[in-house]
Amino acid sequence: MKFPGSVLASVFLFVAETMAALYLSSTYRSGGDGMWQSLTLLFSLLPCALVQLTLLFVHRDFSRDRPLVLLLHLLQLGPLFRCFEVLCIYCQSGHIEEPYVSITKKRQMPKNGLSEEIEKEVGQAEGKMFTHRSAFSRASVIQAFLGSAPQLTLQLYISTLQQDITVGRCVCMLLSLLSIVYGALRCNILAIKIKYDEYDVKVKPLAYVCIFLWRSFEIATRVIVLVLFTSVLKAWVVLVILINFFSFFLYPWILFWCSGSPFPENIEKALSRVGTTIVLCFLTLLYAGINMFCWSAVQLKINSPDLISKSQNWYRLLVYYMLRFIENAFLLLMWYLYKTDIYMYVCAPLLILKLLIGYCTAILFMLVFYQFFHPCKKLFSSSVSESFQQWLKCICCHCRWQKSSDSVGKTDVRSSGDRDETPSSSKVSSMPSQILNADDLYSA
């Protein structure tokens, strides 16, 4: 059984970020900043409650008679209790022989075009450990994008306005950034395991490093761009956020309504139609929150039993990053045009260049990951380089076709001009002969 390192990392970030946010809110209270205190508490306690509900939902504790567990989750101590359970399961796994095991079949990654199917015995302890890992992975994603991302944006905005970074605020921002990057990393791993559920997926350490660098540059530059734009155009940032949010929130529902599929009923047997609608709305809310700050790595598909599209669409990825780059460049341009005196000692063009290069660096690490370190790259119908070459060929063919059509149009115009000139010249040449004939008649 693998060591539950991901569970410990999730619990550490959850506890550390919550404690840092509570300490920071106390400093705002002592300084008389009631609004900053309220927003800091909101972005700290709201994801805590959502994490408790996620752990209860995944473990199906609502339909089980476990009052102590419900009480601990109500006291916001659920992750600590779950972590203690995980450590107990891991310590007892090698000492107790399990009488009942289940057999799972997984396919290995294809080698030389062949893929073998392997069988693996899974005991009750390992099944419980798998459920705990899955629950904490989902909880980390929820904490990252519904709590840590707004928290990091808020604290960086306060630091920009006050032109000061305290130790407590610096620690809180660092923990929030780590939480967001870790949540994005878990989102990538979850997407891979859901898309390739029938395969035995093994992620190498270099893949984790590449994802970490990709997400760090992407999220850091995105948050800085939003904070800079907010500091000079506070009213317009609401419009930017609403457009981004509702675009990603309504997109899965629009695809579902256009498909004409029936309403999904197989998400959870214990849920009613209203409960299923609430769960789907929460999933689309989380999907929109993720895409506000970075690429979600998955396409939410409501009419699918897994709720996730398993097809790898490089063009959707390309369109997302092109539009996001254009949006970041536009927001930085607006900041440059309307910047105030607090940026007097900031070299604005250099800062804009650094942020755009940072975002391009994130895209570079993403391409490196999909080209070299993706655990299921052998299953891709086309790699990143092949898709990029096809895209370049399409552009070149379009340019050639446009040039050829322009040249054909010019030749048509020239030929029509020549036709127009020919009869006019014949008319002019016939006029002197007519005049001469008239003179001859007069002389006669």
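This is a predicted model: local features need pLDDT of at least 70, side-chain atom pairs count only at pLDDT 80 or more; totals for chains, interfaces and linings use all residues.
Visitor: What makes α1 roughly parallel to α5?

Guide: α1 and α5 pack at an angle of about 30°, with axes 10 Å apart. The cut-off for roughly parallel is under 35 degrees, so α1 counts as roughly parallel to α5. Here the crossing is left-handed.

Visitor: Where do these helices sit in the overall pattern?

Guide: The protein has 12 helices and two strands. Along the sequence the pattern reads α-α-α-α-β-β-α-α-α-α-α-α-α-α. Of the 444 residues, 41% are buried.

Visitor: How do you know that Glu327 and Arg222 form a salt bridge?

Guide: Their closest N and O atoms are 3.5 Å apart. A salt bridge requires the nitrogen to be within 4 Å of the oxygen, so the pair qualifies. This pair links distant parts of the chain. Glu327 lies in α10 (residues 314-338) and Arg222 in α7, 105 residues apart.

Visitor: Why are Glu327 and Arg222 called buried?

Guide: Buried means under 20% relative accessible area. Glu327 has 16%, so Glu327 counts as buried. Arg222 has 1%, so Arg222 is buried too.

Visitor: What other salt bridge does Glu327 form, and with which residue?

Guide: The side chains of Glu327 and Arg324 meet at 2.4 Å, N to O. That value is within the 4 Å cut-off, so this pair is a salt bridge as well. Glu327 and Arg324 are three residues apart in α10, which means about one helical turn separates them. Arg324 is buried, as is Glu327.

Visitor: What makes a network of these residues?

Guide: Salt bridges link Arg222, Arg324 and Glu327. Glu327 pairs with Arg222 and with Arg324.

Visitor: How many salt bridges does the structure hold, and how do you know that Arg82 and Glu85 form one?

Guide: The structure holds four. Arg82 and Glu85 have an N to O distance of 3.8 Å. The limit is 4 Å, so the pair counts. Both residues lie in helix α4, three residues apart, about one turn of the helix.

Visitor: Are Arg82 and Glu85 buried or exposed?

Guide: The cut-off for buried is under 20%. Arg82, at 1% relative accessibility, counts as buried. Glu85, at 18%, also counts as buried.

Visitor: Why is Leu77 called partly exposed?

Guide: Its relative accessible area is 37%. Buried would need under 20% and exposed over 50%, so Leu77 falls in between. Leu77 is in the loop between α3 and α4 (78-92).

Visitor: Which helices each supply at least two residues of the patch?

Guide: α1 (5-30) and α3 (67-74) do.

Notes. Residues are numbered from 1 along each chain as its sequence is written. Side-chain values use heavy atoms; hydrogens and water are left out. Helices (H or I, at least four residues) and strands (E, at least two) are DSSP runs, numbered from the N terminus. Buried means under 20% relative accessible area, exposed over 50%, partly exposed in between (1.4 Å probe, protein chains only). Axes are lines fitted to C-alpha atoms, for helices over the stretch in contact, and angles run from 0 to 180 degrees between N-to-C directions. Angles under 35 degrees count as roughly parallel, over 145 as roughly antiparallel, 65 to 115 as roughly perpendicular and the rest as oblique. A crossing is left-handed if the near helix is turned anticlockwise from the far one by less than a right angle, and right-handed if clockwise.
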